[in-house]
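Have a look at the model first.

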Amino acid sequence: MRRLRSELASLSSSRATVIVTGESGSGKEVVARALHALSTRSQRPYVAFNCAAVPRDLFEGQLFGYRRGAYTGAATDHPGVIRAAHGGTLFLDEIGELPLEVQPKLLRFLENGEVFPLGEMRPVEVDVRVVAATHRDLGQLVREGRFREDLYYRLQVVPVRVPPLRERREDVVALARHFVRQLTPEGMEPPQLGPDAIAALMSHPWPGNVRELRNVIERSMAYGPFPAVLGAEQMRIAG
């Protein structure tokens with residue numbers, strides 16, 4: 001992870017598109033936020049857009065914006081998330097879920113920095129650094145005809161892989177202690193991790209990665225009062 005942070009620091013001054021890959025829960029958005037925080041754009045907007053969470057018929061308008069009256073129900077102008085991120089960073093999560101019909105417009109934006117809001121006849125220039133993320137195999141989606149090959153290569157300018165937690169077990173206890181401190185109410189002393197808790201943390205396969213680890217710690221601290229030492233029993237991951 002230190003090597004990854006060093007890589008992000010070296011990319012911070014660039015405007016190049018970054019594609020972050022890794023399993024679900026491994027911390028891809030944390031990487032995107034870190035890249036933004038380390039960049040010269042850190043004082044400008046950071047806007048996250050989950051491509052898997054928007055209905056297909058609303059996707060284009062939410063991404064590129066629209067003018068009032070562009071379609072039924074468009075009662076006001078909407079800038080879209082790309083223009084909302086002007087000067088800063090746009091994080092496109094789950095880019096593999098991007099509808100095929102929208103992909104040419106995103107490719108055009110990535111190539112020339114212009115968007116065409118729905119109902120607008122002229123392009124709008126936008127200065128945005130794009131960071132995309134996916135847990136899908138985009139190459140496989142290209143072969144299946146579900147993702148444009150030209151967009152695939154345009155996104156692959158700088159690939160960054162976030163390793164799953166099972167490949168960086170030396171991080172498990174450090175992350176657990178971080179979450180304990182983070183979740184301890186202000187003014188209280190954070191509990192320590194007992195030897196049995198550490199053993200359980202290190203032996204668990206963590207299929208849900210960092211997200212699962214945080215959930216385990218949060219669950220163990222959901223009931224008070226906190227013990228001075230958290231054991232495996234509180235974490236419910238023993239065995």
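When residues are sorted by class here, Ala, Val, Leu, Ile, Met, Phe, Trp, Tyr, Cys and Pro count as nonpolar, Asp, Glu, Lys and Arg as charged, and the others, Gly among them, as polar. By that sorting, the lining of the second largest pocket has three nonpolar, no polar and eight charged residues.

Some housekeeping: this is a predicted model, where local features need pLDDT of at least 70 and side-chain atom pairs count only at pLDDT 80 or more, while totals for chains, interfaces and linings use all residues. Residues are numbered from 1 along each chain as its sequence is written, and side-chain values use heavy atoms, with hydrogens and water left out.

**Pockets and a cavity**

The spaces come from a 1 Å grid over the protein atoms alone: a cavity is a set of points where a 1.4 Å probe fits but cannot get out, a pocket is an open set with protein on both sides within 12 Å along at least five of seven lines, and lining residues have an atom within 4 Å of a point. Grid points are joined across faces, edges and corners, and a volume is the space filled by probe spheres set on the points.

| Space | Volume | Lining by class |
|---|---|---|
| Largest pocket | about 910 Å³ | twelve nonpolar, seven polar, ten charged |
| Second largest pocket | about 230 Å³ | three nonpolar, no polar, eight charged |
| Largest cavity | about 40 Å³ | two nonpolar, three polar, two charged |

Start with the largest pocket. Its lining runs to 29 residues, with Ser-26, Gly-27, Val-30, Leu-175 and Val-210 lying nearest the centre. Helices and strands are DSSP runs numbered from the N terminus (helices H or I, at least four residues; strands E, at least two). On that numbering, at least two lining residues each come from α1 (2–11), α2 (28–38), β3 (89–93), α8 (172–183) and α10 (209–220).

Which residues line the second largest pocket? They are Met-1, Arg-2, Arg-3, Leu-4, Glu-7, Arg-161, Pro-163, Glu-167, Arg-168, Glu-170 and Asp-171. The top contributor to this lining is α1, with four residues.

The largest cavity is lined by Leu-35, His-36, Ser-39, Arg-41, Thr-89, Arg-129 and Val-131. Here α2 and β6 (129–134) are the elements that give two or more residues.

**Helix pairs**

Axes are lines fitted to C-alpha atoms, for helices over the stretch in contact, and angles run from 0 to 180 degrees between N-to-C directions. Angles under 35 degrees count as roughly parallel, over 145 as roughly antiparallel, 65 to 115 as roughly perpendicular and the rest as oblique. Contact means heavy atoms within 4.5 Å. A crossing is left-handed if the near helix is turned anticlockwise from the far one by less than a right angle, and right-handed if clockwise.

Take α8 and α10: their axes come within 9 Å and cross at roughly 45 degrees, which means α8 is oblique to α10. On the α8 side, the contact uses Val-172, Leu-175, Ala-176, Phe-179, Val-180, Gln-182 and Leu-183, and α10 answers with Val-210, Leu-213, Arg-214, Ile-217 and Glu-218. That contact sorts into nine nonpolar, one polar and two charged residues.

With helix α9 (residues 195–203), α8 has its axis within 9 Å again, crossing at roughly 120 degrees, so α8 and α9 are oblique to each other. The handedness of this crossing is right-handed. Val-172, Val-173, Ala-176 and Arg-177 of α8 touch Ile-198, Leu-201 and Met-202 of α9.

Finally, the axes of α1 and α2 come within 9 Å, crossing at roughly 45 degrees, and this crossing is right-handed. Leu-4, Arg-5, Leu-8, Ala-9 and Leu-11 of α1 meet Val-31, Ala-34, Leu-35 and Leu-38 of α2. By class, eight of these residues are nonpolar, none polar and one charged.
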